[in-house]
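Dear colleague,

Here is the structure I said I would pass on, with the sequence alongside.

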Amino acid sequence: MKTAEFWIKQLDLLKHPEGGFYKETYRADELIAKNGLPDRYTGARSFSTAIYYLLQASDFSAFHRIKSDETWHFYQGTALELFEIDLNGKLSLVVMGPNAEADMQLQHTVKAGYWFAARVLQNNGYALMGCTVAPGFDFEDFELANTQDLKNKFPSHQKIISQLCR
């Protein structure tokens, strides 16, 4: 089995602000004009974008949200927990990984505006994922959670918020 370090070097991955490593692999040439998008966008966006995303067990993807739907694709490694808090405050968990018999998912879409975070289940493991965003990702649409603000908004989820915020 390949190591996380192999994939970081092989795919030329960079540190991501939410945690983990990434590399943009696709950005559509065509744009959706601002007047063709919902009001939450401040300007034109690519039709779609895609990245590689690698997360190691020694790190986590901190709670964040974006203004577009984001589909996660499992490629390689060990299982990953993906936590979501929807617009009504409901917390859900999806386990992504290679074992369909254990109800692990190979693909999952996080809806626009949901807070989400992830961590690898196996000590010393890693998960190599892909993420596709439509309309395309722009760091202007990215919001990293403030721990106390998220705890105040969702007091029943304080434990997981404490674990997966920076």
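Predicted model: local features only at pLDDT ≥ 70, side-chain atom pairs only at ≥ 80, totals over all residues.

Overall fold

The secondary structure of the protein comes to 3 helices and 13 strands. Its radius of gyration is 16 Å, close to the 15 Å that the globule rule gives for 166 residues, so the protein is as compact as a globular protein of that length. The C-alpha trace spans about 45 × 40 × 30 Å along its principal axes, and buried residues account for 51% of the 166 residues. When contacts between residues at least 6 apart in sequence are considered, 74% of them join residues at least 24 apart. The accessible surface comes to about 8800 Å², and 49% of that surface belongs to carbon and sulfur atoms.

The largest pocket

The largest pocket has a volume of about 240 Å³. It is lined by 19 residues, of which H16, Y22, I51, F137 and F139 are the closest to its centre. The elements that each give two or more residues to this lining are β2 (21-27), β5 (49-56), β6 (61-66), β7 (69-77) and β12 (126-134), and the largest share, 4 residues, comes from β2. Sorted by class, the lining has 10 nonpolar, 3 polar and 6 charged residues.

I51, which is one of the residues closest to the centre of the largest pocket, lies in strand β5. Is I51 buried or exposed? Its relative accessibility is 19%, and since buried means under 20%, I51 counts as buried. Leaving out residues up to four places away in sequence, I51 touches Y22, K23, E24 and T25, and also M129, G130 and C131. I51 and Y22 are 29 residues apart in sequence, whereas their C-alpha atoms are 6.4 Å apart in space.

Y53 also lies in strand β5, and at 1% relative accessibility it counts as buried. With residues up to four places away again set aside, the contacts of Y53 include H16, E18, G19, G20, F21 and Y22, together with S61, W72, A127, L128, M129 and C131. The C-alpha atoms of Y53 and E24, which are 29 residues apart along the chain, are separated by 8.9 Å.

S61, one of the residues that Y53 touches, is placed in strand β6 and is buried, with a relative accessible area of 0%. Which residues is S61 in contact with, leaving aside its neighbours within four places in sequence? They are E18, Y53, L55, A117, A118 and L164.

S48 sits in the loop between β4 (45-46) and β5, and at 16% relative accessibility it counts as buried. Not counting residues up to four places away in sequence, S48 touches Y26, R27 and A28, as well as T132, V133, A134 and G136. The C-alpha atoms of S48 and L31, which are 17 residues apart along the chain, are separated by 8.8 Å.

Backbone points in the loops

A134, which is among the residues that S48 touches, is joined to P135 by a cis peptide bond, with omega near -15°. P135 lies in the loop between β12 and β13 (142-144).

Two residues other than glycine have a positive phi. For D103, which is found in the loop between β9 (91-96) and β10 (107-110), phi is near 60°, and at 60% relative accessibility this residue counts as exposed. For N124, which is found in the loop between β11 (115-120) and β12, phi is about 65°, and the residue is exposed, with a relative accessible area of 80%.

With best wishes

Terms used. Residues numbered from 1 in each chain as written. Heavy atoms only, no water. 1 Å grid on protein atoms, 1.4 Å probe; cavity = no way out; pocket = protein on both sides within 12 Å on 5 of 7 lines; lining within 4 Å. Points joined across faces, edges and corners; volume = space filled by probe spheres on them. Nonpolar A, V, L, I, M, F, W, Y, C, P; charged D, E, K, R; others polar. Rg over C-alpha atoms; globule rule 2.2 N^0.38 Å. Buried < 20%, exposed > 50% of the residue type's maximum accessible area, 1.4 Å probe, protein only. Contact = heavy atoms within 4.5 Å. Areas by Shrake-Rupley, 256 points an atom, 1.4 Å probe, with all protein chains shown as cover.
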